[in-house]
Amino acid sequence: MTAQHPSREVSPFPHRHLLGIEGLSREEIAFLLDLADFYAAQDPREHRLSSLLSGYTVINLFFENSTRTRTSFELAARRLGAEAINMSVASSSIKKGETLIDTATTLTAMRPDLLVVRHPDSGAVSLLSEKVDCSVINGGDGSHEHPTQALLDALSIRRRKGRLAGLTVAICGDVLHSRVARSNIHLLTTMGAQVRVIAPPTLLPSKIESLGVKAFHDMRAGLAEVDIVMMLRLQNERMHGSYVPSVREYFRFYGLDQEKLAFAKPDALVMHPGPMNRGVEIDSELADDIDRSLIHTQVAMGVAVRMACLHALLRRDQLPREVHA
Amino acid sequence: MPVAGTPKRVAYLNARLLDPATGLDAPGALLTEEAVIADVGPRLFNDAPPPPDAQIVDCAGACLAPGLVDMRVQLREPGQEHKETIASASRAAAAGGITSMVGLPNTDPVVDDVSGIEFVARRAREEKLVKVYSYAALTRRLEGQEITEIGLLHEYGARGFTDGLKPVGNAQVMRRALSYATAFDTVILQHPQEPTLSQGVMNGGELATRLGLAGIPPLAEVILLERDLRLVEMTGGRYHASLISTAESVEAIRRAKARGLPVTCDTAPHYFTLNENAVGDYRTFAKVMPPLRSESDRAAIAEAVADGTIDAICSDHAPQDQDAKRLPFAVAEWGMAGLETLLPLSLALVHQGRMSLLELLKRLTVSPATILQGRSALAPGLPADLVIFDPDRVWVIDPDRFLSKSKNSAFDNHPVQGQVLRTVVDGRSIFTLAEAEEAG
């Protein structure tokens with residue numbers, strides 16, 4: 001797979017930070033996906049450690065609990081030869097605004113090359129990026145963006161379907177609170193896919209259509225003829241009468257099972273950013289159906305996508321003009 | 001499915017056919033076959049006689065219309081069977097010409113889950129009288145905080161969602177409920193009274209001051225109504241305001257409808273028949289929620305029923321036993337029994353020349369049916385749910401003769417004009433005045 005770049009003078013990825021998908025061009029996204037594809041094709045057990053980022057320091061700064069994203073970034077950094085350090089900050093015990101800046105100042109003194117930051121407040125990662133003198137990757141900020149998740153989702157789709165343009169993708173569930181949904185909407189619409197969101201009206205943010213998507217409240221109508229069904233996680237505290245009356249009602253009308261999936265295309269694929277609530281947003285058997293579920297591919301692509309992002313941000317001197325996977 | 005005892009065919013002859021759904025008001029006849037209307041029209045049986053096996057009912061010029069649909073009834077079963085049961089309410093409804101009624105969820109236990117809906121449906125099937133439906137609670141235990149399983153309850157037959165006598169005061173809860181309900185195209189009903197302003201026991205004003213009773217200002221109604229109308233505009237949710245009682249509320253509804261909002265409303269006969277003076281000497285039978293208002297409010301409600309701003313008239317049947325009403329005014333229970341007086345009290349608007357009989361019947365049949373997503377018409381194929389009544393017959397209301405278990409009506413000794421002669425549900429007569437007079 002190749003990506004052509006209009007001018008040889010311009011870097012294919014001329015950014016210092018990766019704070020979100022919104023604002024990236026179609027070519028830049030394609031470039032990251034191509035580079036990730038290259039890393040995905042490598043068997044880490046054959047290639048062992050690369051020396052591309054030898055001597056570089058990456059700090060994972062997580063103000064919110066995470067296992068898979070943090071591990072995935074850590075592994076990506078180590079496979080490229082970088083030092084990876086994890087810092088977990090219990091966000092509940094600190095006063096967010098001032099501590100965020102204080103933390104940034106402290107970290108800058110340690111002179112890392114890149115920070116991966118996850119924060120429960122939308123916009124916090126961007127704020128922090130203005131206060132440090134290294135690159136920053138947004139590992140998820142509030143309900144705003146989670147760019148590497150959208151990239152790994154896109155890579156998973158592209159590897160199975162061969163393309164993104166022209167596909168119809170339904171994003172189902174708690175769109176209101178989901179940074180994964182927002183990043184995916186930006187990425188998929190930029191790449192020429194048709195995007196639908198399906199959720200109870202209480203879980204759709206207002207004016208969501210202005211992001212270029214079609215909104216549905218009914219799974220049957222929304223899933224008709226779609227190629228990809230992307231399920232979102234519903235937080236437990238939102239299932240008891242505030243946004244949704246109950247778990248059983250949610251599963252009955254918005255949980256993905258074989259019956260509802262039958263409205264999608266016969267070869268439609270199912271995705272979930274994890275961790276799954278089996279029996280809440282997705283039927284357990286369906287999640288494990290190897291022919292329909294991309295869920296394990298998504299996890300595998302996570303490391304490759306993060307290797308590509310670290311590479312693109314830290315070694316702009318070593319970027320291929322075009323990538324052959 | 002017709003129940004046992006349903007005659008195969010019944011021909012209703014010499015009737016004044018009144019069908020608010022089509023505007024028909026003409027002499028004619030109607031034929032039922034088992035549970036449905038088989039044929040109807042001004043010329044039916046002009047050229048050929050009724051089928052020889054048909055039972056003949058000679059209406060002798062009386063009105064024949066679709067049965068009344070009462071969209072606000074407190075059934076009291078389960079939980080307060082000493083005040084009313086589904087059986088006694090059904091008999092009272094039948095005597096009132098009502099063929100379908102919808103119960104509020106404020107029973108004990110509250111109807112806030114699927115089993116509550118199924119209980120009422122099963123009890124109604126056992127009684128085989130009028131059709132009894134339920135609203136489900138909008139919030140769990142009517143606490144105004146967590147929305148109920150609107151989707152599942154709707155599938156199981158809940159006709160709408162309301163906290164009944166308890167208004168939902170929390171704007172965020174109301175917003176989410178209206179928004180969530182749009183996914184299921186169901187209606188949310190609210191009895192709009194701003195809770196923090198509604199701690200009184202009668203209409204706020206001069207009379208309350210003289211009686212030394214805590215007043216509920218008329219403003220309490222329009223404040224919550226206006227808020228809800230804004231939320232309707234924001235969410236697109238279908239909203240029905242129950243028991244409109246003030247002139248300002250009527251204006252708010254009128255403006256909302258003019259702007260095309262999906263809004264309907266109802267009132268009950270006492271709000272266009274009585275004013276706060278009915279409370280008189282601490283008369284607890286006139287203690288209703290919302291309270292009876294001033295004379296100018298009463299007149300505005302009558303006018304709004306006549307011009308259609310108020311879509312439906314409900315009985316607001318609220319049966320209470322003597323123990324609940326023979327108390328100092330401030331602590332007596334709310335409400336009035338209304339099933340058996342709905343039609344004659346409403347007919348007063350026709351006799352006063354405010355509106356046509358057909359228009360009035362619209363408020364009592366097709367309008368509430370449409371709000372509840374049902375049908376009501378004299379049309380072949382529809383269930384034979386009918387009322388035959390004499391619109392002019394004069395009588396005096398005597399609560400002691402009510403079939404309801406409770407006799408708490410403020411209309412004791414009130415002369416009215418118009419009486420139900422026969423009520424038919426699914427092709428079967430479940431009430432005839434002749435038999436009732438013989439029995440009673």
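Which side chains meet in a salt bridge (2.5 Å, N to O)? They are the side chains of Arg252(A) and Glu155(B). The structure is a predicted model, in which local features need pLDDT of at least 70, side-chain atom pairs count only at pLDDT 80 or more, and totals for chains, interfaces and linings use all residues. Residues are numbered from 1 along each chain as its sequence is written, chains are lettered from A and ligands numbered from 1 in the order in which they are written, and side-chain values use heavy atoms, with hydrogens and water left out.

**Interface of chain A and chain B**

- In chain A, 15 residues are in contact with 16 residues of chain B, where contact means heavy atoms within 4.5 Å.
- The two chains bury about 1400 Å² between them, and 54% of it lies on carbon and sulfur atoms; buried area is the accessible area (1.4 Å probe) that two parts lose on being put together, summed over both.
- Pro245(A), Glu249(A) and Phe253(A) supply 32% of the area that chain A buries against chain B, more than any other three residues.
- The rule finds 2 salt bridges across this interface, a salt bridge being a side-chain nitrogen of Lys or Arg within 4 Å of a carboxyl oxygen of Asp or Glu.

**Helix packing in chain A**

- Helix α1 (residues 26-41) of chain A packs against helix α6 (residues 147-161) of chain A at an angle of about 70 degrees, with axes 10 Å apart.
- α1(A) is therefore roughly perpendicular to α6(A), a description that covers angles of 65 to 115 degrees.
- Residues of this contact include Ile29(A), Leu33(A) and Ala40(A) of α1(A), and Leu151(A), Leu155(A) and Arg158(A) of α6(A).
- The contact residues divide into 9 nonpolar, no polar and 4 charged; Ala, Val, Leu, Ile, Met, Phe, Trp, Tyr, Cys and Pro count as nonpolar, Asp, Glu, Lys and Arg as charged, and the others, Gly among them, as polar.

**Helix packing in chain B**

- The axes of helix α7 (residues 247-258) of chain B and helix α9 (residues 295-307) of chain B come within 8 Å and cross at roughly 30 degrees.
- That angle makes α7(B) roughly parallel to α9(B), the term used for angles under 35 degrees.
- Ala247(B), Val250(B) and Arg254(B) of α7(B) meet residues of α9(B), among them Ala300(B), Ile301(B) and Ala304(B).
- Here the contact residues comprise 5 nonpolar, no polar and 4 charged.

**Backbone features in the loops of chain B**

- Asp108(B) and Pro109(B) are joined by a cis peptide bond with omega of about 5 degrees, and Pro109(B) lies in the loop between β7 (98-103) and α2 (114-127).
- The peptide bond from Met289(B) to Pro290(B) is also cis, with omega near -5 degrees; Pro290(B) belongs to the loop between α8 (269-273) and α9.
- Leu243(B), although not a glycine, has a positive phi of about 55 degrees, and its place is in the loop between β12 (238-241) and α7.

Terms used:
Axes are lines fitted to C-alpha atoms, for helices over the stretch in contact, and angles run from 0 to 180 degrees between N-to-C directions. Helices (H or I, at least four residues) and strands (E, at least two) are DSSP runs, numbered from the N terminus. Angles under 35 degrees count as roughly parallel, over 145 as roughly antiparallel, 65 to 115 as roughly perpendicular and the rest as oblique.
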